[in-house]
Structures are given as structure tokens and as C-alpha cells.
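Trainee: I have a model to go through. Can we take it piece by piece?

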Amino acid sequence: MNITKTVGLALATASTLAVVLAAAPGSIAAATDDAVSAAPKNVSRWVAAAQKVGSAADSQTVHVSMFLGFKNKDELKTLIAAQYRPGSAQYQKFLSPEEFRARFAPDADKVALVQDTLKRLGFTLEYTPKSGLFVQAAGSVAQVKSAFGVSQDLYSYKGNTLRANRETPHLPARIAGIVTYVAGLDDTARLRKSHLINAHAGDLDAAQSARIAAARRNADAISTNAPPPVQDGIRGKFCSTYYGDHTARLATAPGAYPQTLPWELCSYTPQQLRQAYGADKVAQTGKGVRVGIVDDYASPTIEDDANRYSKNHGLPQLTYLNFAQIVPPGLYNVKASDPCGPQGWYEEETLDVEAVHSMAPAAFIIYGGVTCTDPGNAALYGMIDDHLADIVTNSYGFNGEALPADFIESENQFFMQAAAEGMTIVFSSGDDGDVAAANGIASGSWEATSPYVTGVGGTSLALRNAAGVKQEWGWGSYRAFLANAKVAANGGSIATSGAELPFAFYGGAGGGPSLSQLAPAYQAAVPFLYSGFTTLGSGTRVPFETAHRVTPDIAMVADPYTGFLDGETYTKAGDPTFDSFCKSLSATTEYCEIGIGGTSLASPLFAGVLALANQARFADKKPAIGFVNPALYTLAVGAPGTKSSPIVDVQAPSIPAAVLRGYINDQTEVRVVTMNSVPNAAGTAPVEGADTSYLTRKGYDQVTGLGTPYVPALIDALVAK
């Protein structure tokens, strides 16, 4: 594949862009035994855009990971390229974990030296993976300042208060030539965000907000650890089972959109999603395939929730025969006030498990949880280092790439090991479009931008019937309320004077160019329009000097208004507006099935699709497909509606498309939610395909990648590889 990584961003840009992208300085230098030497590039790029607000308490416990890096890296890159090149003597001859460690793991004596040094510095050793790629330890802020010669101040950044250093850390000379990066000198790990959206949450008036807040306080007061989240979403009174089967005619058309519009989806069931992608037409169920899921924290109700959901939707029950969790001690012992929001991660885990189970109901699911402050993402690396799964799905990311270059390089080594071992690593691409509004520059988001993982973008799915007839567009939603609305009792008509302009961006598939990774060989055919340019927040187009990695690679449904029906245990809100459609479990808890979206849905769905393909490969006496990108970019891409190509192109709507979102408690409130378009400023014409600065176009694009999978043809194509 001839993948290479940029040392620094070579951009023909204005100096302002250089400031945005500048890496922290630092280089390794020789020193005597009791002197110190500098570790390279160990200051996060986000710190330059943050505001100092104080200093971290010296007594605060922190976790650090010292990365040693693999040896023989050029050999490893050459091996991976050969393993995924048809005709090569190494094609699909993947390594076992033991074989990988023997060839590429750091030497044991060097690992021991790092461990001994950390202990001498007063740190408590916590975890070293079998490969020895990193050594994780715990200590105090005071110890970090003393051991590494760095500050530990607090900074305000994007609504977070985060600890960080501004100086290049110093290391004892005995390990300066061994350690390549020290993770955990800042709270960068806390910037990982899940890519989940509940479209029905957040639309609360003052009285409702007060009731939800009271329910949260009451639940927190009686629970030592974080209780289930409060169900705070308001359903609509009307919805469509299949797209367009329940419509309303508006008295006045909402700008450029049709006068008759469908109500939003009631949310798709597992059977409907299988219909949409042709999975109902194949015999494979994922049997014999292991699918890993990694998130922060761990839901204490996951098995009960998944099994209630499975019973309701005709799926197999989860037992020890098809489900396991790897949960570090103490991971359930976290308070609701934890700044990382454990209850939101409960929702993420539930979505991931139920989405994989829906697409591949016989696959063995392995969940790995980790604290949000774990600097080395030990749950993900543990799955890779021990090859616990054939596919690992990850529904989170960093909303850009404002990270230390060596952090990115260290995680790339995770993904290279996975590729060499024949594992597929899948990441969601994000829910904020081009992220330029937040970051000042358009880009993809790490970790989806790694050239060794598969980035999954998002679509709006208009499934018309059980036969799988559908339209599918890139996900980019804009919303506006209808003015002076009054919904008829049967939902068939709405009195209104039109849309309250302007429409505002709500959410859309992430993607775009990496700012740190060069284009891999498998993306050679991606138009330079995408790989050779980025866009500043001002709208100015900026060229790269050479092609860069672009995301996503493929897409599946992510729009929460055409999303997935997900079931979970919640804390009762104490208000029928929120609780009426849920099943009571106790005096304080209930089980609710609600619509969820975001690329957090697309990633586990695609992992489920690959489980079906791997089952077919195993039956054909072939190994797991492994790193799937080199194969994906060689497959045929058919026009929208095709049932013969492994991948189906996604294009913009041919006519303006939108849905109506109502509220069960108020028939004078109705939103118009666009599907992959936004009206112009006057509201007279739509810009089709819009997702922030990205557009869904014919062929590859930065919203949906190559397109969406058609499962029967994709299985055949991947088995043939």
C-alpha cells in the first residue's frame, strides 16, 4: 500500500494556517546518566487555542503511558503492503500475536528499563501490554511536574477544563532514546467524544428542563454510582414506519421544499435495516465471527437491555456463548458528576451492541471499556495485541486532529499491528460535518483519518418498503420551525404560514482530508479536489503540496431523523411527556426504545456487515478480510438503486427532500428537517447535497466515501478476494 506519514504539514498556506497546524517543538538529544534529554513533540496542538484558567492540584492522580514504539517499522510497512496486495507471496498470510511480537515488539530489556525508571520516579505501574508497546503508570500531578519538568496547568477549551503541559517533557537519559512519546501529560484523552445523536433530546421548555434536572438530582442522590440517564427525549405524535407512508400537506410550502412532506421515521427496526442493505437476502448471520466494541465506561444494564431489545425484535438472546465484557476493576464505580459524562457512554455502548447484534445476530460480541482518562486507550490496544476480535468498531473520535504528532504516530502503530494480524478496525467519521466552525479549518477527525482504519460516514435513509426499495442521500441536516403551525388531529395537514428562516445546521457526516496523514496508495483514484485541498472557516480554499488521506471510506445510515430504534434502561423523568411510551422496571427506572443516530450508528452497522462477509470467507477456508480498505477501493460501485454492485453510489436528492418533526405534547410546534440540502439565504432554492462545506456528489465524496454496501454483492466480492 506504500502508506507514508507526514513529518510536518507541508502546506502552501497563509501564516495564519501555519499557527493552527503547528506542531509542538522538541527533539531527542544525548545526555549523561543524571542529565535529561528531550522527548519529541509532546505538547498537544489544542493548547495553543486554549485559555489558561488555573493550575492542577498537586495531589490529583494522573495516568501516564510511555510509548516505546515498534522496531523494524519499515519492514512492518512493507509486510502490510504485501499482505494486502493480490499476487504477493505474503498475500493474506497474517501474523499471530506471538509472531508479530517476535518480529516487531520492543526488546524486553528496554521495556523493563522503562518500567524500572517509572518506579524510581515514584510512579505505580498499572499496565504493560504483552507487546510492551507502552508502559502505563499512575502518579500525582506533583510527580509529573518533578519527573518530566513540565507545568500542569488548567485550560479552558471548547467548553472543557483540561489539564495540560506547554513544555517539551524531559526524560532521564537512560530511556531518552527508547521512549518516543509520553501520553497523559495532559487531558487529551478526554477530548474523545462519542458520535451519537438523539434527535428527540434537547427540545425542552423551561418547565420541562426543570423537571428533568430534578429527576437527575434525585437519581444521583440515591445512587452511589452513575444511575441510568434520564429519558429526556420528546417523541412526535406522528411518524412514518417506512419513509413517506405518513405525510402532511402544509398550508404554505416551507420555502424551496414540497408542500406535502413525510413525517420523520418512527426509527428503523433491525429487520428494516437488514432490508435496506440486502442483509435479509443472505444466509450469513455472523456466526463464528468475533466483533469487538470499544467505548468509554461500561453500562451496568447492558445485558438486560440488549436481551429485552432482542426479545422485542426477534433476535437471539445474549449469553456467555455470544457476549463477553472486558471491564477493568472500578469502571462501574463512577459518579454521574464525572466530567466525561458516563451516562452518555452507557447510551453509546447500548447502541453499538444492539446495532452489531441487529446486523449480525449470531456474531460473538466482545465489549471493552476504558476510563475517559486512559492515555493509551488500553481497551482497544488489548483487543489488538491479543487478537480478541476479527473486527473492532469504535464510535468516537477527536473532532479534528489538534493532537501531538507522536500521539497520532503511536496510535497508528496500534492499527498497523491490527492490519498485520488480519484485523479490521472501524471508526465513525463524526457528526459535525467539516468541523471548520469549531476548528477554523475543514478536516477529517482522528482516529478515522488513520490510513490503517476504515472511516465510516453517514447517510439519510429513505427506506420505502420491506422489499428494500430506498433512496439514500448524504447526511447533512438543517432545521427550521414552521411559523404559526397547527397540526390536524390525524396528522394529515398543517396550518402554517411557512418556515421560519433561516434553516440552521443540525448535524452531518464528518469527513474530509487529514491534516497529518498523506494519501495511502489505495486512495490514488480519489479526486485531488478532495485529497489536495482543505477549506478555512472563512471559506478560503487552501492547497496541500501533495495528496492527503481523505475520509470517510464508506457509509451507512446515520441521520437520527431516519435512525435506529434503540432500547435502554433509563431513569424515569416523572412526566408522561417523556415516560408514557416506556415500560416501568422499578420505582425509579424504565426501559425505553427511542430513535438514535449519528455515525455512531453507521460504524457498528458496517462492522456487522463485515461479520457477515467474514463468515462467508471462513466457510470458503479463507482468513478474515482484515484491513478492508485496499479491497474496498477495488470494488465496483453501482448507481443508486443497483442490486448488483458491492458498493452503491450515494448522490444528492434529485428533488428537495425533508421530513417533519413534531412533538407529542404540543401540536403547534413542528420542525422541517432537510435531507442533505440547505435553502439559499432567500429560501427560494436549495443547495443539494449540502453538509457544511462538503457536498454529496457522484462518485467518491467527503460525506459518504465510496458509497454504501449492498450486502449480497459485497459478500461475494470479499469472498473472491
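Mentor: Start with a term: helices (H or I, at least four residues) and strands (E, at least two) are DSSP runs, numbered from the N terminus. This is a predicted model, where local features need pLDDT of at least 70, side-chain atom pairs count only at pLDDT 80 or more, and totals for chains, interfaces and linings use all residues. Residues are numbered from 1 along each chain as its sequence is written, and side-chain values use heavy atoms, with hydrogens and water left out.

Trainee: In which loop is Asn 399 found?

Mentor: Asn 399 has a positive phi, near 55°, and is a residue other than glycine. Its loop runs between strand S17 (396-397) and helix H12 (405-420).

Trainee: Is Asn 399 buried or partly exposed?

Mentor: Buried means under 20% relative accessible area, exposed over 50%, and partly exposed in between (1.4 Å probe, protein chains only). Asn 399 has 25% relative accessibility, so it counts as partly exposed.

Trainee: And is Asn 377 buried or exposed?

Mentor: Asn 377 is in the loop between S15 and H11. Its phi is positive too, about 45°, although it is not a glycine. Its relative accessibility is 3%, so Asn 377 counts as buried.

Trainee: Which residues lie nearest the centre of the largest pocket?

Mentor: A pocket is an open set of points on a 1 Å grid over the protein atoms alone, where a 1.4 Å probe fits, with protein on both sides within 12 Å along at least five of seven lines; lining residues have an atom within 4 Å of a point. The lining here has 43 residues. Nearest the centre are Lys 158, Leu 191, Lys 193, Phe 398 and Asn 399.

Trainee: Which element gives the largest share of the lining of the second largest pocket?

Mentor: That pocket is lined by 30 residues, with Pro 328, Leu 331, Val 370, Thr 371 and Asp 374 closest to its centre. Strand S4 (124-127), strand S15 (364-370) and helix H11 (378-385) each give two or more residues to the lining. The largest share, 4 residues, comes from H11.

Trainee: Which side chain makes a polar contact with that of Gln 92?

Mentor: Gln 92 lies in the loop between helix H2 (73-83) and helix H3 (97-104). A polar contact is a pair of N or O atoms within 3.5 Å; within protein, one must be able to donate a hydrogen and the other to accept it, and residues adjacent in sequence count only if both atoms are side-chain atoms. At 3.1 Å, the partner side chain is that of Arg 617.
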